[in-house]
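Come along and check the entries against the picture.

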Amino acid sequence: MCLKRISPNSISRGAILLSLCEKGMILEARRYFDSLIMNNWVQDIVLYNIMIDGYVRHGNVEEAVELYKLITRRGITPTVVTFNSLIHGFCKRRNFHEARRFMDTIRLHGSEPTAVTYTTLMNAYCEDGNMHCMLELLQEMDAKCIVPTHVTYTVFIKALCKQRKLQEAVQLVHDMCDKGLNLDQVTYNTIIQCFCKAQNITKAFKLVNEMLLNNLEPTPVTYNILINCLCVYGNLKDADKLLISLLEQNVNLTKVAYTTIIKAHCVKGDVHRAFMFFHLMVEKGFEISVRDYSAVINRLCKRCLITEAQHFFCMMLSYGISPDHEICEVLLNAYHQCGDLISVYKMLAWMVKSGLLPQRL
DNA sequence: CGCGGTAATC
């Protein structure tokens, strides 16, 4: 664009900044943002909002607040979106005091909190198991004529599910329909998860059919929930069948589908199946982390399947992934427990060579 | 007319 002397506008700049934030490249995002500031190209609050939200998602509320202060120093008026992101940040930390303080600040700026603001706070209270505060906020919304959205309902469905009030959760779904609010995939996934936890697999699958009837394509998360459900509460063979049939149908899946079933097979001790799905996961081109290997190795060691655990360790090395200290410790302990001192020494030597242990023991 | 920002699911 620049070579063709087409100057990016604030919308294309926003797209670039948002993408950097979404990919977790927060430092690069900030560098880009600072370059825009330096050139005086940021007059738009949206760019600040994207950067602030990026920090919040990255878990850095402090930096988000610093940017908010910068906004006020520069005399730029923050929007409700600015505050919603900050409130979300404090909610993630369960700092209800600061979250609510910023809610008041919205009013001081002459605006009103929106359904998003309320839903953000309600979700945090939900995670805290505080239905009382959720209902208080709902009353406040009602008093201020702020209409709950389908997301607000989804948060309440989740809360009722947590309290094992499944009937009331279902009632809420009906209320939504009565109010003309359409359920989306996340709402369905939430309620499907409720029935899975209640070990009502039949109803969970019925809801998937209902989704399809409503022209909602199940998401990768839907399948992760179902696979996990079959692994934990149902028959592991059915989980295998489901995953394989989804693969045959070329359904879009995420890495979680694989790690879920691999985990189950490790726990059950069916290492062959675990291998099979692990290789499949690698073949599909997913990026495999140390954590993915740890999940397998930890579970196999717990079941004293040490040769098998070692196999995964070698596989990790062959893919050029560096083990961390923790994973080595787990293997060391396992070798020790079954009296395989040779392997203990080999491992220690390897750890020293790799800089995971000090030279002098 | 379309294009950029905030809440919920594994």
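This is a predicted model: local features need pLDDT of at least 70, side-chain atom pairs count only at pLDDT 80 or more; totals for chains, interfaces and linings use all residues.

**Entry 1: Where the DNA sits**

I began at Asp 184, where a polar side-chain atom lies 2.6 Å from a base nitrogen of DNA strand B.

The side chain of Thr 149 has an N or O atom 3.0 Å from a base nitrogen of DNA strand B.

Next I asked how many residues surround DNA strand B. I found 34, and the closest are Asp 44, Asn 49, Asn 84, Asn 189 and Asn 224. Sorted by class, this surface holds 12 nonpolar, 16 polar and six charged residues.

Sugar or phosphate accounts for 47% of them, and bases for the rest.

**Entry 2: A look at Asn 49**

I picked Asn 49 from the list of closest residues and located it in helix α3. Is it buried or exposed? Its relative accessible area is 8%, so Asn 49 is buried, as the cut-off for that is under 20%. I kept in mind that this value takes only protein chains into account.

The side chain of Asn 49 makes a polar contact with the side chain of Thr 82, at 2.7 Å. Setting aside neighbours within four places in sequence, I found Asn 49 in contact with Thr 79, Val 81 and Thr 82.

**Entry 3: Rings that pair up**

I searched the whole structure for aromatic pairs and got 11. One of them joins Phe 90 and Phe 102, with ring centres 5.7 Å apart and planes at 15 degrees; planes under 30 degrees apart count as stacked, so this pair is stacked. Phe 90 belongs to helix α5 (residues 80-92) and Phe 102 to helix α6 (residues 96-108), so I noted a link between distant parts of the chain, 12 residues apart. Phe 90 counts as buried at 10% relative accessibility, and Phe 102 counts as buried at 4%.

Then I turned to Phe 96 and Tyr 125. Their ring centres are 4.2 Å apart and their planes stand at 5 degrees, so this pair is stacked too. Phe 96 in helix α6 and Tyr 125 in helix α7 (residues 115-127) are 29 residues apart, and their pair links distant parts of the chain. Phe 96 is buried at 14% relative accessible area, and Tyr 125 is buried at 6%.

I noticed a cluster as well: ring pairs link Tyr 68, Phe 83, Phe 90 and Phe 102. Arg 101 lies over the face of Phe 102, 5.5 Å from the ring centre. Elsewhere, the charged end of Lys 203 sits over the ring of Phe 195, 5.7 Å from its centre.

**Entry 4: Stepping back**

Last, I looked at chain A as a whole. I counted 20 helices and zero strands. The C-alpha trace spans about 70 × 55 × 45 Å along its principal axes. Of the 361 residues in chain A, 45% are buried. Among contacts with a separation of 6 or more, 55% are between residues 24 or more positions apart.

Terms used. Residues are numbered from 1 along each chain as its sequence is written. Chains are lettered from A and ligands numbered from 1 in the order in which they are written. Side-chain values use heavy atoms; hydrogens and water are left out. Rings of Phe, Tyr and Trp (its six-membered ring) pair if their centres lie within 6.5 Å; planes under 30 degrees apart count as stacked, over 60 as edge-to-face and the rest as tilted. Helices (H or I, at least four residues) and strands (E, at least two) are DSSP runs, numbered from the N terminus. Buried means under 20% relative accessible area, exposed over 50%, partly exposed in between (1.4 Å probe, protein chains only). A charge sits over a ring if NZ of Lys or CZ of Arg is within 6 Å of the ring centre and within 35 degrees of the ring normal. A residue is near a molecule or strand if one of its heavy atoms lies within 4 Å of it. A polar contact is a pair of N or O atoms within 3.5 Å; within protein, one must be able to donate a hydrogen and the other to accept it, and residues adjacent in sequence count only if both atoms are side-chain atoms. Ala, Val, Leu, Ile, Met, Phe, Trp, Tyr, Cys and Pro count as nonpolar, Asp, Glu, Lys and Arg as charged, and the others, Gly among them, as polar. Contact means heavy atoms within 4.5 Å.
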